[in-house]
Amino acid sequence: MRVQLFVPQDTTALALGADAVAMAIAKGITSRGLDIDVVRNGSRGMFWLEPLVELKTAAGRVAFGSVNVTDVESVLDAVERCVAGEEANCPLFLGASESIDYLAKQQRLTFKRSGIGDPLCLKNYQKLHGFKGLEKALTMSGQQIVDEVKTSGLRGRGGAAFPAGIKWQTVLNAPAEQKYIVCNADEGDSGTFADRLLMESDPYQLIEGMVIAGLAVGANQGYIYLRSEYPVAHNIMNQAIDNATKAGFLGKNIGDSGSDFFLEVRLGAGAYICGEETSLLESLEGKRGMVRAKPPLPAIEGLFGMPTVVNNVLTLGAVASILGEGATKYKDFGMGRSRGTLAVQLAGNIKRGGLIELAFGVTLRQIVDDFGAGTFSGRPIKAIQMGGPLGAFLPESQWDTPLDYEAFAAIKAMIGHGGIVVFDDTADMAAQARFAMEFCVVESCGKCTPCRIGSTRGVEVIDRIVSNQERDNNLILLHELCDTMELGSLCAMGGMTPFPVRSALTYFEEDFGLSSRGDH
Amino acid sequence: MDQSNYINDLVEQFKTLPGGMLPLLHAIKHKVGHIPESAIDPIAKGLNLSRAEVHGVISFYHDFNTQPKGRNIVQICRAEACQSMGSRHIETHAKQSLGIDYGEVTNDGLLTLEPVYCLGNCACSPSVRINDDIHARVDSERFDQLIVDLKKQDSRLLEGDL
Ligand SMILES: Cc1cc2nc3c(=O)[nH]c(=O)nc-3n(C[C@H](O)[C@H](O)[C@H](O)COP(=O)(O)O)c2cc1C
Ligand code: SF4
Ligand code: FES
C-alpha cells in the first residue's frame, strides 16, 4: 500500500493553520524525494490537537499534534523513521491515532468516520459502511423505515428532543402531492460545532440520512438550510451533493427504486432565530424569518404549506447508522428515555476542547475533568453553560447531573444541541446575564412584545442592579420581567432567555454586587 | 457590464426558483458587496412583491445591507465561548486600533468591522473571520498581524486592478 499523510481541512484545523502545514509537508516530501501521498481529511474532532497530522503505513495509523509549520521538518524526520520501522522519536508523536485516550474513550456511532479519510471520496465512504442504511431502506416500505426509527428511540438533536419517528409518522400519514425534508443546519448555539464537523468530515452521511427520510415519508425534495457563518461546510456539502448526484445516490430513480430525491443547500443570512424551525421555513420561502404560531405543525403544513420533516443534521446523520446497523444496536446505548449517543461539544475556556460522542448518562464533571483536563487558563472553573445561549449557567454543585434530557430539565437546565461552554473564575456572571438579554435584543424576530421589548428593558435593569441604583426594586423588576418573558413569548428565544439570567442571579449573586445572603 | 444589467440578469436567474429571494440576495451581495438601493425595484418586479416587502426581507437579516461596505469584511465572534476566552478584549482593541465601531468602514475603504455570533470554532476560541477565512486563538497581537497581512493582500489586489 501507499504511505499516506493526512492533514485535516475542517474549519478549526484550517483556522489553526492546516493549509500552511499541508503546503510545507508537500514541499518537504518533494525536496526529500519521499514516496508519500498527502490526503486532506476531515477532523477527528480532537480540536486541541489540531492541526493533527496522521501517518498511515502498512503498520497502521499514527498521529502527530499539534503540528505547526515550524514543526514540519522534524515531523517529516520522524515520519521517515516510522516508515523505516524505527521509533518516531519526536515530541509531537502521539502514537496510534485510535489509542489516543480522548478518542479511545468515546462511543462513536455518528462520528465513526469523521477524520478518517477525504470527506468527498465516495469510495472511502462506501468502504467504511456508507450507504448501508440506504441500501436497506430501499428494500423497505415507508412505514417499515419509520418503525425502525421509532424503535431506535432517536430524539431530535437540534434541542427540543422530540422523538424523530413520531414526527416522521405524522408526515408519512399526511396526504399530499408534495412533501419536503428540511435539514436544520443553522447551528447557532455558541459552543456547538457538531453539525459543522459532520458536514465537513462526513457529508455523505447527512445526504444518506436525508434520502432515507425522503423514502420513509414520501418526499422527493430536500433542503439543507445552512448558516452563512460556515463557508467551509458550504463548499464541501455542495461538492458532496454533486458527487452523490453523479453517482446516482441523489436525483432521479435512486438505486433503481423508482424513487427520486433532489437535494439543495440554501444559505441562511446571519439570523439566530432562523434555527427555530418555523422561522427557518419562512426564511427558506424567501421571507423575513418570523416565527409561526403552532399549530399547524410543520409536519402537517410546513415548507410552502406542505407536510415537512424538519430535523437537525445529527438527527438525520444518526438515521443513516440506525438503518445501517440496526435500531436495537442504537437503542442499547443511553439511559432512561435518552437513547443512543450524544455528540457533546466541549468549548470555551477548556484545555482539551473538541467533539466527544458518548452514550447518554455521563456527567458534566466527567466531561470537563476526564476529557477537558480543566480550563485553558489553568484557573478554576466557575460556571458551565450547557445548551447554548438559552441554557442555564451551572455552578459546581450541579456538575454531577447525568447528561439525560429529563435529568437536565429537572434542574431547569437543558442539553439542547449538546454544547458545553466553560468559564473560569475571572468570568463576570452579571456581564454574562446582561449579554443573554442583549443577544435576545439582537436576535429576536420581533413578533412578541415580551421578547422584543422585554429584552431591551432587561439590559437596562441589569445595568441598574450592577451600578446599585435602587437595587432591591430593580431586582424585583428583573424577576417580573423574566416571568413575563417566560409566559408571554411564542418561542424559546424569549421564553428561555430568562434561564441564563436567573441562574446567574441565583448562583453568582456576588457578581451583581449583591452580598451573599446565605439563603440558598 | 454595468451594475443594473447584472442585477437584472440575476433576478432573471432566480425569480422562478422556489424561495429564491435569499439565494438572489446572496448572489447580489457576492457581486456588489451589498444590496444597492437600485436593486430593490428589479427584485420587487421580478419576484412579484412590493418594494416594502423586499426592504423588509433585507432589513431582517444581518448579512444584508443596502449601505456599501469595505473591500473586506472582518468579523469578531462575540458569542459565549469566545467571551470565555477573552473576545471582549479583542473587540475593544480592534475598534480602537482601526478607529471604527461595528458596522463602520475604515477611511481607506479597506474593511468593514462586524460582530458575529459563533463561527463554529468554539473549541479554539477566540475566533475572527476575515472574508471566508476563519482564524482561531486570536489575541490582540494576532489580530494586528492579521490586519497587516490583509493590508498587504489588499494592496496587491488593488495594484492588480490598475
Ligand atoms: C431560538 C431557537 C433556535 C434554534 N436553533 C436551532 C438550530 O440552530 N439547529 C437546530 O437543529 N435546531 C434549532 N432549534 C430547534 C428547532 O426549532 C427544531 O426543534 C429542530 O430543528 C427539530 O429538529 P430535531 O427534532 O431533529 O431536533 C432552535 C429552536 C429555537 C427556539
Ligand atoms: S419569543 Fe421572540 S423570537 Fe420567539 S416568536 Fe416571540 S419575538 Fe420572535
Ligand atoms: S462562540 Fe465564537 S466561534 Fe463559537
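A polar contact is a pair of N or O atoms within 3.5 Å; within protein, one must be able to donate a hydrogen and the other to accept it. Keep that in mind as you look at this predicted model. Between chain B and chain A, 26 residue pairs are in polar contact, both residues at pLDDT 80 or more.

Where on chain B does the side that touches chain A come from? Helix 2 (21-32), helix 4 (51-60), helix 5 (80-83) and strand 4 (133-135) of chain B each supply at least two of its residues. Sort that side by class and you get 21 nonpolar, 10 polar and 7 charged residues.

Now count the residues that meet. On chain B, 38 residues are in contact with 58 residues of chain A. The size of an interface is often given as the accessible area lost when the parts come together. Here chain B and chain A bury about 3,700 Å² between them. Carbon and sulfur atoms carry 58% of that area. Which three residues of chain B supply more of its buried area than any other three? They are B:Phe60, B:Glu80 and B:Tyr117, with 18% of the area that chain B buries against chain A.

Step back and look at chain B as a whole. The domain assignment gives domain 1 (3-60) and domain 2 (72-159). The C-alpha centres of these two domains of chain B lie 29 Å apart.

Next, turn to the ligands. Ligand 1 has 19 residues around it. A:Gly158, A:Asn184, A:Asn311, A:Asn312 and A:Thr315 come nearest. Which parts of these residues face its oxygen atoms? A polar side-chain atom of A:Thr315 lies 2.7 Å from an oxygen atom of ligand 1. An N or O atom in the side chain of A:Asn311 is 2.8 Å from an oxygen atom of the ligand.

Ligand 2 has 13 residues around it. Those that come nearest are A:Cys445, A:Lys447, A:Cys448, A:Cys451 and A:Cys491. By class, the shell around ligand 2 holds 8 nonpolar, 4 polar and 1 charged residues. Cys counts as nonpolar in this scheme, and Lys as charged.

Methods. Residues are numbered from 1 along each chain as its sequence is written. Chains are lettered from A and ligands numbered from 1 in the order in which they are written. This is a predicted model: local features need pLDDT of at least 70, side-chain atom pairs count only at pLDDT 80 or more; totals for chains, interfaces and linings use all residues. Side-chain values use heavy atoms; hydrogens and water are left out. Contact means heavy atoms within 4.5 Å. Buried area is the accessible area (1.4 Å probe) that two parts lose on being put together, summed over both. Helices (H or I, at least four residues) and strands (E, at least two) are DSSP runs, numbered from the N terminus. Domain bounds come from an automatic or database domain assignment. A residue is near a molecule or strand if one of its heavy atoms lies within 4 Å of it.
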